[in-house]
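Subject: Handing over a structure

Hello,

Here is the structure I promised to pass on to you. Please have a look at it first, and then read my notes below.

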Amino acid sequence: MDSAIDVGKTGSAAMIENVTFDEIEIGQSASTARRLTVSDIELFATVSGDINPAHLDEEYAADSLFHKVIGHGMWSGGLISAVLGTKLPGPGTIYLGQDLRFKRPVGIGDTITVTVTAREKRADKNIVVFDCSCTNQDGKEVVSGTAEVIAPSQKVRRQATELPQVQVIRHDKHETLLKKCEGLTPVPTAVVHPCDESSLKGAVEAAEANLIAPILVGPESKIRSLADGFGLDLSRCRIVNVPHSHAAAETGVRLARTGEAEAVMKGSLHTDELMSEVVRKETGLRTSSRLSHVFVMNVPTYPRSLLITDAAINIYPTLEDKVFIVQNAIDLAKVLGVETPRVAILSAVETINPKIASTIEAAALCKMADRGQIKGGILDGPLAFDNAISAEAARTKGIVSDVAGQADIFLVPDLEAGNMLAKQLSFLANADAAGIVLGARVPIILTSRADNVRTRLASCAVASLVAAARRRGAAAAAAE
């Protein structure tokens with residue numbers, strides 16, 4: 001006899017029914033099967049606290065006994081518990097003991113079939129002893145043992161509890177970004193007015209990660225006092241003593257202009273104070289391009305890194321501005337390893353509407369890309385957000401697009417839309433957002449006091465990759 005419940009596939013319509021002590025027959029069995037996934041391993045580690053690298057670290061596991069990541073032994077044990085608790089005997093079962101022998105490893109992708117078979121009944125206390133066996137897809141036994149339970153005496157048949165949906169939130173895209181910087185020379189970076197814990201700590205941590213070589217520009221006594229107060233080691237840092245934030249912005253920009261710094265990093269001063277020095281005509285860092293900001297988003301629900309531009313510099317960009325903005329983002333995506341970046345040009349609708357300027361500009365930008373005025377990427381727009389993010393949503397509306405559902409870059413209509421989109425992803429979708437300003441002589445790292453360590457390091461990693469690409473470009477030009 002077997003109950004109707006399928007472990008792991010419960011829903012509001014599923015029913016769960018037990019087998020009472022009196023109904024159980026010696027030799028009666030029940031089973032279920034489940035495939036081990038990476039998410040299973042991560043969720044088990046999260047719930048149990050068992051973060052043994054044999055289960056979670058591919059590099060470590062490659063040199064271990066089994067030369068691969070393996071599942072926790074008690075993951076299989078948990079499947080046995082699930083069969084006993086939901087199938088045989090089922091609801092009302094009380095666990096008394098479990099004896100297990102682990103015979104073979106269970107790897108990612110293995111399908112484990114769990115079978116429990118009634119071996120012995122003790123009528124005085126409704127105790128049943130079950131033989132337990134777990135076999136893999138090749139029929140080889142991976143776990144064996146026995147379980148002792150108190151079987152229910154009363155019949156139970158009820159609707160199965162619908163389990164909550166669980167989302168595994170990973171930040172591996174930013175980890176991949178950091179790995180791309182391994183072996184690169186730390187970038188000399190003017191850190192402008194690092195006079196609070198967040199900005200000073202961010203610079204020190206980036207130095208310790210070999211991403212930047214900080215040049216701390218600000219009041220030296222205040223910087224050293226902060227470092228002492230928060231236990232920060234400034235041995236990797238050079239300090240340029242200036243009296244206040246305005247002088248720090250001016251000096252930091254000058255260091256970049258003269259080549260002493262290959263990047264500029266915002267400290268505790270206001271963004272406008274730094275950027276006013278960056279854009280100053282005679283002494284700033286302007287180039288023939290337009291300055292624009294790019295968020296490099298690690299969105300757990302999206303399969304690739306997502307660049308959002310511009311959400312911090314250009315408030316209401318013109319069509320001409322957007323040409324520079326999108327080109328800057330395409331160039332950055334290529335530096336980050338995207339061979340042919342796909343650009344979704346966002347608007348409120350996916351059709352051209354003369355009353356919505358962003359739809360007309362989107363169409364113009366696509367045609368400019370066709371004519372080679374924007375190079376290196378595939379553009380499509382106007383696209384509403386749902387069509388840009390979901391190929392299925394685009395198909396539903398009859399949109400044929402090489403970008404929908406696989407965009408690398410979102411070009412937003414204006415700063416308000418971009419800022420809201422980036423913050424919604426950060427606060428509602430648990431995304432991390434590294435930030436950088438492009439179009440200047442050097443990359444400019446804009447950090448926020450709300451940024452966590454991972455985000456600050458990712459922003460520095462983006463700047464490091466941009467600086468390294470510019471070095472290669474300069475060397476190639478010199479060789480010609």
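This is a predicted model: local features need pLDDT of at least 70, side-chain atom pairs count only at pLDDT 80 or more; totals for chains, interfaces and linings use all residues.

Helices (H or I, at least four residues) and strands (E, at least two) are DSSP runs, numbered from the N terminus.

Which residues of α7 are buried? In this helix, which spans residues 220-230, they are Ile223, Leu226 and Ala227. They sit on the same side of α7, because they cover an arc of only 100° around the axis; the arc is that of the directions from the helix axis to the C-beta atoms. As background, an α-helix has 3.6 residues a turn, so residues three or four places apart point the same way.

The buried residues of α7 pack against α6 (197-208), β9 (212-218) and β10. Just after the helix comes Gly231, with a positive phi of about 65°.

Residues are numbered from 1 along each chain as its sequence is written, and side-chain values use heavy atoms, with hydrogens and water left out.

The predictor's confidence in each residue, from 0 to 100, is called pLDDT. Its mean for the protein is 92, and 97% of the residues reach 70 or more. Confidence is lowest in helix α5 (residues 172-180), with a mean of 82, and highest in strand β16 (residues 409-411), at 98. Please take care with residues 1-12, where pLDDT stays under 50. For that stretch the model has 30 contacts beyond four places in sequence, a contact being heavy atoms within 4.5 Å.

**Salt bridges**

How many salt bridges does a search of the whole structure find? There are 20, each being a side-chain nitrogen of Lys or Arg within 4 Å of a carboxyl oxygen of Asp or Glu. Here are some of them.

- Arg122 and Glu148 meet through their side chains at 3.5 Å, N to O. The pair links distant parts of the chain, with Arg122 in strand β4 (residues 111-122) and Glu148 in strand β6 (residues 141-150), 26 residues apart. Arg122 is partly exposed at 30% relative accessible area, and Glu148 is partly exposed at 26%.
- Arg238 and Glu260 form a salt bridge at 3.2 Å, N to O. Arg238 lies in strand β10 (residues 238-241) and Glu260 in the loop between α8 (245-257) and β11 (263-266), so this pair ties together parts that are 22 residues apart in sequence. Arg238 has a relative accessible area of 40% and is partly exposed; Glu260, at 38%, also counts as partly exposed.
- Asp99 and Arg101 meet at 2.9 Å, N to O. Asp99 is partly exposed, with a relative accessible area of 34%.
- Glu17, Glu23, Lys155 and Arg157 are linked in a network of salt bridges.

**Backbone details**

Leu88 and Pro89 are joined by one, with omega about 0°, and Pro89 is in the loop between α4 (73-86) and β3 (94-102). Another joins Gly381 and Pro382, with omega about 5°; Pro382 has its place in strand β15 (residues 378-383).

Although His67 is not a glycine, its phi is positive, at about 60°. His67 is in the loop between α3 (58-62) and α4 and is exposed, at 56% relative accessible area. Asn210, not a glycine either, has a positive phi of about 60°. Asn210 lies in the loop between α6 and β9 and is partly exposed, at 42%.

**Cysteines**

The structure holds zero disulfides, a disulfide being a pair of cysteine sulfur atoms within 2.5 Å. Cys134 is buried at 0% relative accessible area, and Cys195 is buried at 9%.

Best wishes

Methods: Buried means under 20% relative accessible area, exposed over 50%, partly exposed in between (1.4 Å probe, protein chains only).
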